[in-house]
Amino acid sequence: MMTTENAQLTEQHISKMVHRFYERAMADDGLRPIFEATIHDWDAHHRVVVDFWSRVLLNTDRYRGSPYPPHAGLPIRSEHFDRWLTLFRETAQEVLPADAAELAIARAEHMAEAFKAGMFHGFGTPLKPRLGHPIT
C-alpha cells in the first residue's frame with residue numbers, strides 16, 4: 001500500500017492498478033460472467049484500459065475516443081456499477097499514491113453515473129447489445 005501522499009505516480013502504478021482490479025473483478029461472482037462473455041483478448045484489453053487511465057491520470061495521449069460505446073450494449077445492470085466501483089475504489093486506494101487515487105476514483109464515479117444515465121435512463125444513444133462481439 002502507498003503511504004506517501006505525494007508519491008510520484010508512474011505508469012507502473014497504473015498498470016498494477018488495472019491488473020489488480022481485473023484480478024478482483026474476475027473473482028467476483030457478479031462481474032466475472034460479464035467479463036468472460038465479452039473479453040477474449042485480455043492482454044489487448046489491459047493495454048486499452050492502462051492507456052485510458054494513463055490519459056486520465058498522467059495526461060498522455062495514448063487513449064483516444066470514448067469508453068462509453070464499447071460498454072453501452074453489454075448486459076450490465078445498475079448494481080454491477082456499484083460492485084465495480086467498490087472494487088475500483090479499493091484497488092486505487094491500495095495501489096496509487098493518495099492524490100492519484102482520489103482523482104481516479106472521482107473519474108470512475110463520474111463515468112459510472114454517466115454510463116448509467118446513458119444505459120438506463122434513455123440519455124445518449126446506447127448501442128444494441130453486441131454479445132458475441134469481443135471488447136478489446
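Colleague: Is R83 buried, partly exposed or exposed?

Modeller: R83 counts as partly exposed, at 35% relative accessibility. Buried means under 20% relative accessible area, exposed over 50%, and partly exposed is in between, with a 1.4 Å probe and protein chains only. This is a predicted model: local features need pLDDT of at least 70, side-chain atom pairs count only at pLDDT 80 or more, and totals for chains, interfaces and linings use all residues. Residues are numbered from 1 along each chain as its sequence is written, and side-chain values use heavy atoms, with hydrogens and water left out.

Colleague: What does the R83 side chain meet in a salt bridge?

Modeller: D28, at 2.5 Å from N to O. The rule is a side-chain nitrogen of Lys or Arg within 4 Å of a carboxyl oxygen of Asp or Glu. R83 sits in helix α5 and D28 in the loop between α1 and α2, 55 residues apart. Helices are DSSP runs (H or I, at least four residues), numbered from the N terminus.

Colleague: And D28, buried or exposed?

Modeller: Buried, with 11% relative accessibility.

Colleague: How many salt bridges by this rule?

Modeller: Nine. One of them joins R24 and E94, with the closest N and O atoms 2.4 Å apart. R24 is in helix α1 and E94 in helix α5, so this pair ties together parts 70 residues apart in sequence. R24 is partly exposed, at 24% relative accessible area.

Colleague: Which residues are linked in a network?

Modeller: E11, D51 and R62, through salt bridges. The R62 and D51 side chains meet at 2.7 Å, N to O. R62 lies in the loop between α3 and α4 (68-72) and D51 in helix α3, so that pair ties together parts eleven residues apart in sequence. R62 is partly exposed, at 39%.

Colleague: Switching to the core. How many residues in the largest nonpolar one?

Modeller: 37. Such a core is a set of buried Ala, Val, Leu, Ile, Met, Phe, Trp, Tyr and Cys residues joined through side-chain atoms within 4.5 Å. M17, W53, L57, F88 and L96 have the most contacts inside the largest core.

Colleague: Which elements give two or more residues to this core?

Modeller: α1 (11-26), α2 (32-38), α3 (42-58), α5 (78-95) and α6 (98-120). The largest share, nine residues, comes from α6.

Colleague: What is M17 in contact with?

Modeller: Leaving aside neighbours within four places in sequence, M17 is in contact with W53, F88, T91, A92, V95 and L96. Contact means heavy atoms within 4.5 Å.
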